[in-house]
Amino acid sequence: MVSKTEETQVNRLENQVDNGGGGAWEYLCLVRKLKLRRSDKVLKHGLSILNDSTKRSTLGSEEWTLYEQVAIAAMDCQCLDVAKDCIKVLQKKFPGSKRVGRLEAMLLEAKGSWAEAEIAYSSLLEDNSMDQVIHKRRAAMAKAQGNLSGAIEGLNKYLEIFMADLDVWRELAEIYVSLQMYKQAAFCYEELILSQPTNPVYHLAYADVLYTLGGLENLQSAKKYYASVTDLTGGKNTRALFGICLCTFAIGQLTKGRNKEEKD
Amino acid sequence: MAADLVLDTAIRDWVLIPLSVVMVLIGVLRYFVSKLMRSSQLPDAKIVKEGQVIIRARNLRASANFIPSKSFRARKAYFGNEENGLLFVPKGQAQNAQAQMFSDPNMAMDMMKKNLSMIIPQTLTFAWVNFFFSGFVAAKIPFPLTQRFRSMLQNGIDYSTIDVSYVSSRSWYFLNMFGLRGLFSLILGEENATDDTQRMMQMSGFGFDPSKSLGAEKDGLDIIQHEWALPKFEQRAEATLRKLIS
């Protein structure tokens, strides 16, 4: 999670760097630390440091971290040539490194040569079957190919070991929703609520899933979760307010004709 | 008479400064040696999984009231199942893990390496200090101290008449050994390996048994009473909305 102060700091630095005010390296460090995805900015400012040999040499051994960061950002922006150059430099410096091998596999993936990337990832996993990043990349690759059930399988296998990984639960929930497997999605959202009970985003998503599932009990639960979102956000979430209205209406439809005690 | 004890400047040049310099150099050397010997050890899937199970069970226990009771019961059964639940540890296996830890040659090797890089230089420097520098009054601290500090500052000198603010050479060695950590983190980077106290903590934590904490989590889950918190939220939401309107 990114705290408020860190967010303002990042935005301030980004503004400063964008207007040519310096501090690019601090900005890149902060982005890396907070794991933000601002690939275009990272690519632009990282490259400006890497192309300037005096600036680059002041970084010392951090230079290689920057190469890695820029390479990943470049792949995200589809600047495959830049990524290739960065990886080449890293490979010259660290021949046989697994971390560089991971980057190469990612480059293959970015190019869209799925089969080769899959082979590369598998061989990396053979060396270290506990590499979380590679497991996630494989699932992402399956998703990119449109093979959603493959992605689900991968994520489930991953969660069997790393079952406290929130982001993966969230990803899995979203895939389940897109496949209309709402019961499974509900389970994932429950898991997310359990680990962060005061995060309204998860409550809202869970309520959506429950409402979609339908049925009296689910609708009542959905209404409660919409209410909790309203409470947690101080009544500023329109979706939750609308959700409460819809739930109330649907419950009213279902319980028409029954006696009033059951309505509650 | 104790107050006007004059220290020879040669003591400063030949005892105090060499001792500190040697301590720093040994610290740096040890850092690099331990860096060379450190083997990157792959985490075992089972241990990682147990750790993650504990985190998840703890989350479940802490915020059980935020999910419907049906879901809670399903999870409780899943975790605490007597046959194949995640938190259930078969009897006899607990002992096994401990034994396996000691029979694993890699683990023993790792421990020995750590010990070697810690104990050998320490004994050597201590012997060296004892041999060459024993009995020197090496320094004077600029403020008076009570008698209780005598054993800390005048280790190796058995005169009770010397003022406590004088530091003996052996005590200077000990002060350096524990006090140079800040300097090391400055010159070797934050995560330097010379942190003795931390390592000792790790040593005592060795032999930690994950199955025990699994059992504890299971007991915690068993006694927990589920009370769904969400119905309360409806009233609270109503209150917040009312406040917003008014």
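Biologist: Before we start, how is the expected span of a helix defined?
Modeller: Happy to set that out for this predicted model.

Biologist: For helix α10 of chain A, how far apart are the end C-alpha atoms, and what should the helix span?
Modeller: Helix α10 of chain A runs over residues 148-161, which makes 14 residues. At 1.5 Å a residue they should span 20 Å, and the model agrees, with the end C-alpha atoms 21 Å apart.

Biologist: Over what arc do the buried residues of α6(A) lie around the axis?
Modeller: The buried residues of α6(A) are A:Leu80, A:Ala83, A:Cys86, A:Ile87 and A:Leu90. They sit on the same side of α6(A), because around the axis they cover an arc of only 125°.

Biologist: And which residues are exposed on the other side of α6(A)?
Modeller: The cover over the buried residues of α6(A) includes α3 (39-50), α5 (62-76) and α7 (98-111) of chain A. On the other side of α6(A), the exposed residues are A:Asp81, A:Lys88 and A:Lys92.

Biologist: Where in chain B does pLDDT stay under 50?
Modeller: Chain B has an average pLDDT of 77, and 79% of its residues score at least 70. The stretch of chain B where pLDDT stays under 50 is residues 203-207.

Conventions: Residues are numbered from 1 along each chain as its sequence is written. Chains are lettered from A and ligands numbered from 1 in the order in which they are written. This is a predicted model: local features need pLDDT of at least 70, side-chain atom pairs count only at pLDDT 80 or more; totals for chains, interfaces and linings use all residues. Side-chain values use heavy atoms; hydrogens and water are left out. pLDDT is the predictor's confidence in each residue, from 0 to 100. Contact means heavy atoms within 4.5 Å. Buried means under 20% relative accessible area, exposed over 50%, partly exposed in between (1.4 Å probe, protein chains only). Helices (H or I, at least four residues) and strands (E, at least two) are DSSP runs, numbered from the N terminus. The arc is that of the directions from the helix axis to the C-beta atoms. The expected span of a helix is 1.5 Å times one less than its number of residues.
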